[in-house]
Amino acid sequence: MIFISSVLILQYEIVSGLVNMSTTAESPVHSSSSDDFAAILETELDSNTSGTSPDSHVSFALEDVELERTKRQRVYETEEADVRDSVALEYKVCPPHPGFIRQMCIRCGQLEDAEASVPFDYIHKDLKLGTEEVARLRNADIKNLLSRQKLYLILDLDHTLLNSTRLADISPQEEAYVSETYLKHQSDASRGDTAMLFRLDRMHMMTKLRPYVHTFLREASTMFEMYIYTMAERPYALEMANMLDPKGVYFPSKVISQADCTQKHQKGLDVVLGLESAVVILDDTEMVWQKHKENLILMERYHFFASSCHQYGFNNKSLTELMRDESESEGALATILNVLKRVHAKFFDPGLEDYADRDVREVLKAIRKDILKGCKIMFSRVHPTRCPADTQPLWKMAENLGAACSTEIDSSVTHLVTVDLGTEKSRWAVQQKKFVVSPGWLEAANYLWQRQPEERFPVTSKNSKGKGEASSNNLPAADQ
(Lines give C-alpha, C1' and ligand atoms only; values in the text may rest on other atoms or scores of the structure.)
Protein backbone atom coordinates (compact mmCIF):
# COMPACT_ATOMS: atom_id res chain seq x y z
CA MET A 1 0.00 0.00 0.00
CA ILE A 2 2.84 2.42 0.87
CA PHE A 3 4.62 1.67 -2.42
CA ILE A 4 1.50 2.25 -4.52
CA SER A 5 0.56 5.35 -2.54
CA SER A 6 3.98 6.85 -3.21
CA VAL A 7 3.61 6.25 -6.93
CA LEU A 8 0.16 7.84 -6.91
CA ILE A 9 1.46 10.89 -5.02
CA LEU A 10 4.16 11.42 -7.61
CA GLN A 11 1.66 10.99 -10.45
CA TYR A 12 -0.64 13.53 -8.86
CA GLU A 13 2.17 16.06 -8.45
CA ILE A 14 3.30 15.60 -12.05
CA VAL A 15 -0.24 16.03 -13.36
CA SER A 16 -0.80 19.07 -11.16
CA GLY A 17 2.42 20.60 -12.43
CA LEU A 18 1.45 20.09 -16.05
CA VAL A 19 -1.97 21.65 -15.55
CA ASN A 20 -0.45 24.63 -13.78
CA MET A 21 2.07 25.07 -16.61
CA SER A 22 -0.74 25.06 -19.18
CA THR A 23 -2.44 28.01 -17.51
CA THR A 24 0.51 30.32 -18.20
CA ALA A 25 0.02 32.39 -21.32
CA GLU A 26 3.65 32.15 -22.36
CA SER A 27 3.76 28.39 -21.87
CA PRO A 28 4.19 26.22 -24.99
CA VAL A 29 1.90 23.62 -23.43
CA HIS A 30 -1.43 24.01 -25.23
CA SER A 31 -3.09 20.71 -24.41
CA SER A 32 -6.19 20.57 -22.24
CA SER A 33 -6.43 19.11 -18.74
CA SER A 34 -7.86 15.84 -20.06
CA ASP A 35 -4.90 15.46 -22.44
CA ASP A 36 -2.45 16.02 -19.57
CA PHE A 37 -4.19 13.43 -17.40
CA ALA A 38 -4.29 10.87 -20.18
CA ALA A 39 -0.65 11.26 -21.14
CA ILE A 40 0.63 10.96 -17.57
CA LEU A 41 -1.69 8.22 -16.40
CA GLU A 42 -1.14 6.08 -19.48
CA THR A 43 2.61 6.23 -18.88
CA GLU A 44 2.49 5.66 -15.16
CA LEU A 45 -0.30 3.10 -14.81
CA ASP A 46 -0.26 0.84 -17.86
CA SER A 47 2.68 -1.25 -16.68
CA ASN A 48 0.88 -4.49 -17.54
CA THR A 49 1.04 -3.70 -21.26
CA SER A 50 4.73 -2.73 -21.36
CA GLY A 51 7.83 -4.88 -21.54
CA THR A 52 8.80 -3.87 -17.99
CA SER A 53 7.69 -6.08 -15.14
CA PRO A 54 5.40 -4.62 -12.46
CA ASP A 55 8.12 -4.98 -9.82
CA SER A 56 10.71 -3.04 -11.80
CA HIS A 57 8.09 -0.42 -12.67
CA VAL A 58 7.34 0.17 -8.98
CA SER A 59 11.05 0.11 -8.18
CA PHE A 60 11.82 2.82 -10.70
CA ALA A 61 8.89 4.87 -9.45
CA LEU A 62 10.07 4.55 -5.85
CA GLU A 63 13.56 5.69 -6.78
CA ASP A 64 12.05 8.76 -8.43
CA VAL A 65 9.90 9.39 -5.38
CA GLU A 66 12.87 9.12 -3.02
CA LEU A 67 14.97 11.42 -5.20
CA GLU A 68 12.16 13.96 -5.32
CA ARG A 69 11.67 13.81 -1.56
CA THR A 70 15.41 14.20 -0.88
CA LYS A 71 15.60 17.30 -3.07
CA ARG A 72 12.56 18.77 -1.43
CA GLN A 73 13.94 18.12 2.08
CA ARG A 74 17.17 19.93 1.26
CA VAL A 75 15.20 22.94 0.08
CA TYR A 76 13.12 22.95 3.22
CA GLU A 77 16.20 22.83 5.48
CA THR A 78 17.75 25.89 3.86
CA GLU A 79 14.70 28.14 3.83
CA GLU A 80 13.21 30.37 6.49
CA ALA A 81 10.51 28.96 8.75
CA ASP A 82 7.77 31.10 7.22
CA VAL A 83 8.73 29.92 3.72
CA ARG A 84 8.57 26.32 4.91
CA ASP A 85 5.10 26.94 6.27
CA SER A 86 3.83 28.46 3.01
CA VAL A 87 5.27 25.59 0.96
CA ALA A 88 3.70 23.06 3.29
CA LEU A 89 0.31 24.62 2.68
CA GLU A 90 0.57 23.65 -0.99
CA TYR A 91 0.50 19.96 -0.11
CA LYS A 92 -2.89 19.64 1.49
CA VAL A 93 -3.83 16.59 3.47
CA CYS A 94 -6.82 14.49 2.43
CA PRO A 95 -9.77 14.77 2.68
CA PRO A 96 -11.06 16.07 0.41
CA HIS A 97 -9.49 13.59 -1.97
CA PRO A 98 -8.59 15.02 -5.39
CA GLY A 99 -9.56 11.78 -7.09
CA PHE A 100 -9.18 8.03 -7.30
CA ILE A 101 -7.52 5.55 -9.62
CA ARG A 102 -8.61 1.95 -9.22
CA GLN A 103 -10.43 2.99 -6.03
CA MET A 104 -7.29 4.48 -4.44
CA CYS A 105 -6.78 8.19 -3.74
CA ILE A 106 -4.38 9.84 -6.20
CA ARG A 107 -2.73 11.77 -3.37
CA CYS A 108 -2.86 9.74 -0.14
CA GLY A 109 -3.46 6.20 -1.38
CA GLN A 110 -6.48 5.58 0.82
CA LEU A 111 -9.31 3.45 -0.51
CA GLU A 112 -12.26 5.26 -2.06
CA ASP A 113 -14.90 6.36 0.43
CA ALA A 114 -18.37 7.85 0.08
CA GLU A 115 -17.00 11.24 -0.95
CA ALA A 116 -18.63 12.72 -4.07
CA SER A 117 -16.65 12.04 -7.24
CA VAL A 118 -17.24 11.93 -11.00
CA PRO A 119 -15.97 9.08 -13.23
CA PHE A 120 -13.63 10.07 -16.07
CA ASP A 121 -12.99 6.68 -17.62
CA TYR A 122 -12.67 8.22 -21.08
CA ILE A 123 -9.49 9.96 -19.87
CA HIS A 124 -8.13 6.90 -18.12
CA LYS A 125 -9.73 3.63 -17.04
CA ASP A 126 -10.97 3.66 -13.43
CA LEU A 127 -10.23 7.36 -12.92
CA LYS A 128 -12.59 9.37 -10.71
CA LEU A 129 -12.12 12.99 -9.74
CA GLY A 130 -13.49 14.79 -6.70
CA THR A 131 -15.74 17.79 -7.21
CA GLU A 132 -13.13 20.22 -5.87
CA GLU A 133 -10.46 18.81 -8.20
CA VAL A 134 -12.81 19.04 -11.19
CA ALA A 135 -13.44 22.70 -10.34
CA ARG A 136 -9.69 23.33 -9.99
CA LEU A 137 -8.92 21.72 -13.35
CA ARG A 138 -11.72 23.61 -15.08
CA ASN A 139 -10.51 26.93 -13.72
CA ALA A 140 -6.94 26.15 -14.77
CA ASP A 141 -7.96 25.00 -18.24
CA ILE A 142 -10.25 27.94 -18.98
CA LYS A 143 -7.44 30.41 -18.32
CA ASN A 144 -5.25 28.59 -20.82
CA LEU A 145 -8.08 28.33 -23.34
CA LEU A 146 -9.20 31.95 -23.17
CA SER A 147 -5.61 33.15 -23.47
CA ARG A 148 -5.57 31.42 -26.86
CA GLN A 149 -9.04 32.76 -27.72
CA LYS A 150 -10.67 29.34 -27.79
CA LEU A 151 -13.92 27.88 -26.44
CA TYR A 152 -15.17 24.30 -25.99
CA LEU A 153 -17.21 22.50 -28.67
CA ILE A 154 -19.11 19.28 -27.90
CA LEU A 155 -19.95 17.26 -31.02
CA ASP A 156 -22.53 14.51 -31.34
CA LEU A 157 -21.79 11.74 -33.84
CA ASP A 158 -24.83 10.05 -35.39
CA HIS A 159 -27.01 12.27 -37.61
CA THR A 160 -24.77 15.24 -36.77
CA LEU A 161 -21.34 14.40 -38.22
CA LEU A 162 -22.18 11.09 -39.89
CA ASN A 163 -24.80 8.40 -40.53
CA SER A 164 -24.34 4.66 -39.95
CA THR A 165 -26.41 1.63 -40.84
CA ARG A 166 -26.19 -2.12 -40.50
CA LEU A 167 -25.05 -3.90 -43.64
CA ALA A 168 -28.12 -6.10 -43.38
CA ASP A 169 -30.38 -3.03 -43.70
CA ILE A 170 -28.88 -1.78 -46.97
CA SER A 171 -31.08 -2.45 -49.98
CA PRO A 172 -29.58 -3.64 -53.29
CA GLN A 173 -30.37 -0.23 -54.78
CA GLU A 174 -28.52 1.56 -51.99
CA GLU A 175 -25.59 -0.84 -52.26
CA ALA A 176 -25.30 -0.17 -55.99
CA TYR A 177 -25.49 3.59 -55.52
CA VAL A 178 -22.85 3.87 -52.77
CA SER A 179 -20.52 1.45 -54.52
CA GLU A 180 -20.65 3.36 -57.77
CA THR A 181 -20.59 6.83 -56.24
CA TYR A 182 -18.15 6.41 -53.35
CA LEU A 183 -16.39 3.07 -52.83
CA LYS A 184 -15.35 2.66 -56.44
CA HIS A 185 -13.47 5.98 -56.40
CA GLN A 186 -11.80 5.70 -52.99
CA SER A 187 -8.26 4.38 -53.15
CA ASP A 188 -6.64 2.81 -50.12
CA ALA A 189 -4.15 5.68 -49.97
CA SER A 190 -6.87 8.33 -49.68
CA ARG A 191 -9.10 6.63 -47.15
CA GLY A 192 -7.46 8.22 -44.12
CA ASP A 193 -7.97 11.89 -45.00
CA THR A 194 -10.55 12.21 -47.75
CA ALA A 195 -12.72 9.09 -47.64
CA MET A 196 -16.39 9.78 -47.00
CA LEU A 197 -17.88 6.28 -46.91
CA PHE A 198 -16.60 3.30 -44.92
CA ARG A 199 -17.65 -0.34 -45.05
CA LEU A 200 -16.85 -1.93 -41.67
CA ASP A 201 -17.25 -5.65 -42.22
CA ARG A 202 -15.94 -6.56 -38.76
CA MET A 203 -18.69 -4.40 -37.22
CA HIS A 204 -21.29 -5.36 -39.88
CA MET A 205 -21.85 -1.67 -40.57
CA MET A 206 -21.47 1.04 -43.17
CA THR A 207 -20.83 4.68 -42.25
CA LYS A 208 -21.16 7.79 -44.37
CA LEU A 209 -19.48 11.00 -43.19
CA ARG A 210 -21.49 14.19 -43.64
CA PRO A 211 -20.36 16.43 -46.51
CA TYR A 212 -17.92 19.19 -45.48
CA VAL A 213 -17.01 17.40 -42.23
CA HIS A 214 -13.24 17.47 -42.81
CA THR A 215 -13.22 21.20 -43.52
CA PHE A 216 -15.60 21.78 -40.62
CA LEU A 217 -13.34 20.02 -38.11
CA ARG A 218 -10.19 21.68 -39.41
CA GLU A 219 -11.63 25.20 -39.17
CA ALA A 220 -13.55 24.61 -35.93
CA SER A 221 -10.36 23.35 -34.25
CA THR A 222 -8.81 26.81 -34.63
CA MET A 223 -11.61 28.28 -32.49
CA PHE A 224 -12.56 25.42 -30.15
CA GLU A 225 -11.19 22.62 -28.00
CA MET A 226 -13.38 19.77 -29.28
CA TYR A 227 -14.97 16.73 -27.65
CA ILE A 228 -17.02 13.89 -29.12
CA TYR A 229 -20.05 13.05 -26.98
CA THR A 230 -22.31 10.19 -28.09
CA MET A 231 -24.91 7.91 -26.55
CA ALA A 232 -23.38 5.03 -28.50
CA GLU A 233 -21.08 2.42 -26.96
CA ARG A 234 -17.37 3.16 -26.61
CA PRO A 235 -15.97 0.77 -29.28
CA TYR A 236 -18.25 2.35 -31.88
CA ALA A 237 -17.44 5.87 -30.68
CA LEU A 238 -13.69 5.26 -30.95
CA GLU A 239 -14.08 3.75 -34.44
CA MET A 240 -16.03 6.78 -35.62
CA ALA A 241 -13.53 9.15 -34.01
CA ASN A 242 -10.74 7.39 -35.89
CA MET A 243 -12.59 7.92 -39.19
CA LEU A 244 -13.10 11.60 -38.47
CA ASP A 245 -9.67 12.16 -36.96
CA PRO A 246 -7.27 9.45 -38.19
CA LYS A 247 -4.20 11.38 -37.00
CA GLY A 248 -5.57 12.04 -33.52
CA VAL A 249 -5.36 15.80 -33.88
CA TYR A 250 -8.85 16.87 -32.80
CA PHE A 251 -10.07 14.44 -30.13
CA PRO A 252 -7.15 13.00 -28.13
CA SER A 253 -8.58 11.62 -24.85
CA LYS A 254 -11.83 13.48 -25.51
CA VAL A 255 -14.27 10.83 -26.73
CA ILE A 256 -17.20 10.49 -24.33
CA SER A 257 -19.63 7.59 -24.81
CA GLN A 258 -22.76 6.13 -23.22
CA ALA A 259 -20.92 4.45 -20.35
CA ASP A 260 -19.47 7.81 -19.27
CA CYS A 261 -22.91 9.42 -18.75
CA THR A 262 -23.81 9.92 -15.09
CA GLN A 263 -27.57 10.06 -15.74
CA LYS A 264 -29.56 7.52 -17.73
CA HIS A 265 -30.62 8.67 -21.21
CA GLN A 266 -29.06 12.08 -20.61
CA LYS A 267 -25.86 13.80 -21.64
CA GLY A 268 -24.26 16.15 -19.14
CA LEU A 269 -21.36 18.56 -18.91
CA ASP A 270 -20.35 17.17 -15.52
CA VAL A 271 -17.96 14.80 -17.33
CA VAL A 272 -16.41 17.58 -19.44
CA LEU A 273 -13.39 19.44 -18.04
CA GLY A 274 -14.70 22.77 -19.30
CA LEU A 275 -16.75 25.55 -17.72
CA GLU A 276 -20.39 25.60 -18.91
CA SER A 277 -20.09 29.30 -19.69
CA ALA A 278 -17.57 28.47 -22.44
CA VAL A 279 -19.22 25.36 -23.94
CA VAL A 280 -21.12 25.14 -27.25
CA ILE A 281 -22.95 21.89 -28.08
CA LEU A 282 -23.87 20.55 -31.53
CA ASP A 283 -26.44 17.75 -31.42
CA ASP A 284 -29.49 16.63 -33.41
CA THR A 285 -31.41 15.60 -30.26
CA GLU A 286 -32.53 18.28 -27.83
CA MET A 287 -34.09 16.06 -25.17
CA VAL A 288 -30.78 14.47 -24.12
CA TRP A 289 -29.51 17.91 -23.04
CA GLN A 290 -32.27 18.83 -20.58
CA LYS A 291 -29.85 20.67 -18.25
CA HIS A 292 -27.90 22.43 -20.99
CA LYS A 293 -30.36 23.61 -23.65
CA GLU A 294 -28.90 27.12 -23.56
CA ASN A 295 -25.56 25.73 -24.76
CA LEU A 296 -27.14 23.76 -27.61
CA ILE A 297 -27.18 24.43 -31.33
CA LEU A 298 -29.73 21.95 -32.68
CA MET A 299 -28.57 20.25 -35.86
CA GLU A 300 -30.71 19.13 -38.77
CA ARG A 301 -30.50 15.34 -38.88
CA TYR A 302 -28.40 13.74 -41.58
CA HIS A 303 -30.41 10.86 -43.09
CA PHE A 304 -28.15 9.35 -45.71
CA PHE A 305 -29.35 5.74 -45.40
CA ALA A 306 -32.97 4.59 -45.69
CA SER A 307 -32.79 2.76 -42.35
CA SER A 308 -32.10 6.11 -40.68
CA CYS A 309 -35.44 7.50 -41.87
CA HIS A 310 -37.24 4.33 -40.82
CA GLN A 311 -35.64 4.56 -37.36
CA TYR A 312 -37.42 7.87 -36.75
CA GLY A 313 -40.64 6.84 -38.48
CA PHE A 314 -40.18 9.26 -41.38
CA ASN A 315 -41.96 8.59 -44.65
CA ASN A 316 -39.55 10.81 -46.57
CA LYS A 317 -36.95 9.23 -48.82
CA SER A 318 -33.36 9.09 -47.66
CA LEU A 319 -30.51 10.69 -49.59
CA THR A 320 -29.42 7.32 -51.00
CA GLU A 321 -32.96 6.69 -52.27
CA LEU A 322 -32.90 10.14 -53.87
CA MET A 323 -29.42 9.31 -55.22
CA ARG A 324 -27.85 12.55 -54.01
CA ASP A 325 -26.17 14.08 -50.95
CA GLU A 326 -26.10 17.31 -49.00
CA SER A 327 -24.35 20.27 -50.58
CA GLU A 328 -20.75 20.84 -49.48
CA SER A 329 -21.03 24.62 -49.55
CA GLU A 330 -24.64 25.06 -48.44
CA GLY A 331 -25.21 21.99 -46.26
CA ALA A 332 -25.74 21.84 -42.51
CA LEU A 333 -22.10 21.77 -41.45
CA ALA A 334 -21.07 24.65 -43.71
CA THR A 335 -23.99 26.70 -42.36
CA ILE A 336 -23.27 25.92 -38.72
CA LEU A 337 -19.57 26.64 -39.16
CA ASN A 338 -20.53 30.19 -40.10
CA VAL A 339 -22.68 30.38 -36.97
CA LEU A 340 -19.75 29.18 -34.85
CA LYS A 341 -17.54 31.85 -36.38
CA ARG A 342 -20.10 34.50 -35.40
CA VAL A 343 -20.31 33.09 -31.87
CA HIS A 344 -16.54 33.06 -31.53
CA ALA A 345 -16.13 36.59 -32.89
CA LYS A 346 -18.87 37.99 -30.62
CA PHE A 347 -17.49 36.24 -27.53
CA PHE A 348 -13.95 37.52 -28.11
CA ASP A 349 -15.00 41.01 -29.16
CA PRO A 350 -12.03 43.14 -28.00
CA GLY A 351 -14.35 46.05 -27.26
CA LEU A 352 -16.09 44.19 -24.41
CA GLU A 353 -14.95 43.44 -20.86
CA ASP A 354 -12.61 40.71 -19.68
CA TYR A 355 -13.10 37.32 -21.38
CA ALA A 356 -13.45 35.53 -18.04
CA ASP A 357 -16.70 37.40 -17.30
CA ARG A 358 -18.38 36.42 -20.57
CA ASP A 359 -20.89 33.62 -21.09
CA VAL A 360 -21.27 31.88 -24.45
CA ARG A 361 -24.90 31.07 -23.61
CA GLU A 362 -25.71 34.77 -23.65
CA VAL A 363 -23.90 35.09 -26.98
CA LEU A 364 -25.93 32.24 -28.49
CA LYS A 365 -29.17 33.74 -27.18
CA ALA A 366 -28.36 37.17 -28.63
CA ILE A 367 -27.48 35.79 -32.08
CA ARG A 368 -30.58 33.59 -32.13
CA LYS A 369 -32.86 36.49 -31.13
CA ASP A 370 -31.77 38.45 -34.23
CA ILE A 371 -32.92 35.79 -36.72
CA LEU A 372 -36.64 36.72 -36.83
CA LYS A 373 -36.41 40.09 -35.14
CA GLY A 374 -39.25 42.34 -36.35
CA CYS A 375 -41.56 39.45 -37.29
CA LYS A 376 -44.96 38.98 -35.64
CA ILE A 377 -46.33 35.49 -36.14
CA MET A 378 -49.81 34.02 -35.87
CA PHE A 379 -50.57 30.29 -36.09
CA SER A 380 -53.46 28.36 -37.60
CA ARG A 381 -54.14 24.62 -37.49
CA VAL A 382 -50.66 23.70 -36.30
CA HIS A 383 -51.22 23.26 -32.54
CA PRO A 384 -52.95 20.31 -30.82
CA THR A 385 -56.56 20.82 -29.78
CA ARG A 386 -57.22 22.39 -26.34
CA CYS A 387 -53.53 23.15 -25.68
CA PRO A 388 -52.43 26.68 -24.74
CA ALA A 389 -50.73 28.11 -27.82
CA ASP A 390 -47.86 29.69 -25.90
CA THR A 391 -46.75 26.30 -24.56
CA GLN A 392 -46.35 24.71 -28.00
CA PRO A 393 -42.96 23.97 -29.60
CA LEU A 394 -43.49 26.17 -32.69
CA TRP A 395 -44.57 29.13 -30.58
CA LYS A 396 -41.53 28.75 -28.30
CA MET A 397 -39.26 28.28 -31.30
CA ALA A 398 -40.51 31.53 -32.85
CA GLU A 399 -39.96 33.45 -29.62
CA ASN A 400 -36.45 32.04 -29.24
CA LEU A 401 -35.72 33.28 -32.75
CA GLY A 402 -36.75 36.81 -31.76
CA ALA A 403 -40.28 36.89 -33.20
CA ALA A 404 -43.37 38.12 -31.38
CA CYS A 405 -46.32 35.68 -31.37
CA SER A 406 -50.04 36.35 -31.27
CA THR A 407 -53.38 34.54 -31.28
CA GLU A 408 -55.22 37.71 -32.34
CA ILE A 409 -55.79 38.96 -35.89
CA ASP A 410 -54.38 42.47 -36.22
CA SER A 411 -52.54 44.59 -38.75
CA SER A 412 -49.16 44.22 -37.02
CA VAL A 413 -49.01 40.49 -37.84
CA THR A 414 -46.40 39.81 -40.54
CA HIS A 415 -46.62 36.03 -40.91
CA LEU A 416 -49.20 33.28 -40.63
CA VAL A 417 -47.82 29.78 -40.06
CA THR A 418 -50.36 27.17 -41.14
CA VAL A 419 -50.96 23.94 -43.03
CA ASP A 420 -54.47 24.91 -44.17
CA LEU A 421 -55.46 27.80 -46.46
CA GLY A 422 -59.15 27.27 -45.69
CA THR A 423 -59.22 28.81 -42.19
CA GLU A 424 -60.50 32.29 -41.38
CA LYS A 425 -57.00 33.37 -40.38
CA SER A 426 -55.56 32.08 -43.66
CA ARG A 427 -58.12 33.94 -45.76
CA TRP A 428 -57.51 37.13 -43.79
CA ALA A 429 -53.72 36.79 -44.19
CA VAL A 430 -54.04 36.28 -47.96
CA GLN A 431 -56.39 39.25 -48.32
CA GLN A 432 -54.07 41.48 -46.27
CA LYS A 433 -51.03 40.29 -48.27
CA LYS A 434 -49.31 38.82 -45.21
CA PHE A 435 -46.73 36.07 -45.53
CA VAL A 436 -48.47 32.67 -45.36
CA VAL A 437 -45.92 29.90 -44.77
CA SER A 438 -45.76 26.29 -43.66
CA PRO A 439 -44.20 25.29 -40.30
CA GLY A 440 -41.08 24.32 -42.27
CA TRP A 441 -40.24 28.03 -42.60
CA LEU A 442 -39.80 28.31 -38.83
CA GLU A 443 -37.96 25.01 -38.57
CA ALA A 444 -35.56 25.95 -41.36
CA ALA A 445 -34.77 29.27 -39.69
CA ASN A 446 -34.14 27.42 -36.44
CA TYR A 447 -31.73 24.91 -38.03
CA LEU A 448 -29.98 27.31 -40.40
CA TRP A 449 -29.81 30.27 -38.01
CA GLN A 450 -31.07 32.74 -40.59
CA ARG A 451 -34.43 33.89 -41.94
CA GLN A 452 -35.44 31.89 -44.99
CA PRO A 453 -37.17 33.11 -48.18
CA GLU A 454 -40.90 32.78 -47.52
CA GLU A 455 -41.66 31.71 -51.10
CA ARG A 456 -39.79 28.47 -50.51
CA PHE A 457 -42.38 27.36 -47.93
CA PRO A 458 -45.79 27.77 -49.57
CA VAL A 459 -49.05 26.36 -48.22
CA THR A 460 -51.12 24.60 -50.86
CA SER A 461 -53.68 22.63 -48.83
CA LYS A 462 -57.22 23.93 -48.32
CA ASN A 463 -59.02 21.55 -45.99
CA SER A 464 -61.45 23.64 -43.94
CA LYS A 465 -64.13 26.27 -44.43
CA GLY A 466 -63.19 28.32 -41.41
CA LYS A 467 -66.37 27.41 -39.49
CA GLY A 468 -66.51 29.18 -36.14
CA GLU A 469 -63.73 31.63 -37.00
CA ALA A 470 -65.72 34.78 -37.70
CA SER A 471 -64.37 36.37 -34.54
CA SER A 472 -60.81 36.12 -33.31
CA ASN A 473 -62.22 35.88 -29.77
CA ASN A 474 -64.21 32.78 -30.69
CA LEU A 475 -61.59 30.63 -32.41
CA PRO A 476 -61.63 26.85 -32.25
CA ALA A 477 -58.88 25.45 -30.04
CA ALA A 478 -57.14 23.78 -32.97
CA ASP A 479 -56.71 27.13 -34.71
CA GLN A 480 -54.99 28.95 -31.85
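Predicted model: local features only at pLDDT ≥ 70, side-chain atom pairs only at ≥ 80, totals over all residues.

Q: Is C94 buried or exposed?
A: C94 counts as buried because its relative accessibility is 15%, and buried means under 20%. C261 also counts as buried, at 16% relative accessibility.

Q: New topic: where is V437 found?
A: V437 sits in strand β16, which covers residues 435-437. V437 is buried, with a relative accessible area of 0%.

Q: And which residues does V437 touch, leaving out those up to four places away in sequence?
A: V437 touches L416, V417, T418, E454, F457 and V459. Take T418: T418 and V437 are 19 residues apart along the chain, and their C-alpha atoms are separated by 6.4 Å.

Q: Let's move to the open sheet of five strands. What order do they have?
A: The order is β10-β9-β5-β11-β12, and the pairing is parallel.

Q: Which strands stand at the edges?
A: Those are β10 (255-256) and β12 (296-298). Each has a single partner strand, so one side of each is left without a neighbour in the sheet.

Q: How many bridges join β11 to β12?
A: Three bridges do, and the two strands run parallel. Strand β11 spans residues 279-283. D283 stands opposite L298 in β12.

Q: Which helix packs on that sheet?
A: Helix α7, residues 213-220, does, and it touches β5 (151-155), β9 (224-229) and β11. The direction of α7 makes about 155° with that of β5.

Q: Now the helices α11 and α12: at roughly what angle do their axes cross?
A: Roughly 120°, and the axes come within 10 Å. Helix α11 covers residues 332-347 and helix α12 covers residues 360-369. The two helices are therefore oblique to each other.

Q: Is that crossing left-handed or right-handed?
A: The crossing of α11 and α12 is right-handed.

Q: Last one: which residues meet there?
A: From α11, R342, V343, K346 and F347 take part. They meet V360, V363, L364, A366 and I367 in α12.

Terms used:
Residues numbered from 1 in each chain as written. Heavy atoms only, no water. Buried < 20%, exposed > 50% of the residue type's maximum accessible area, 1.4 Å probe, protein only. Helix = DSSP H or I, 4+ residues; strand = E, 2+ residues; numbered from the N terminus. Contact = heavy atoms within 4.5 Å. Pairing = 2+ DSSP bridges. Axes fitted to C-alpha atoms, helices over the stretch in contact; angles between N-to-C directions. Parallel < 35°, antiparallel > 145°, perpendicular 65-115°, else oblique. Left-handed = near helix turned anticlockwise from the far one by under 90°.
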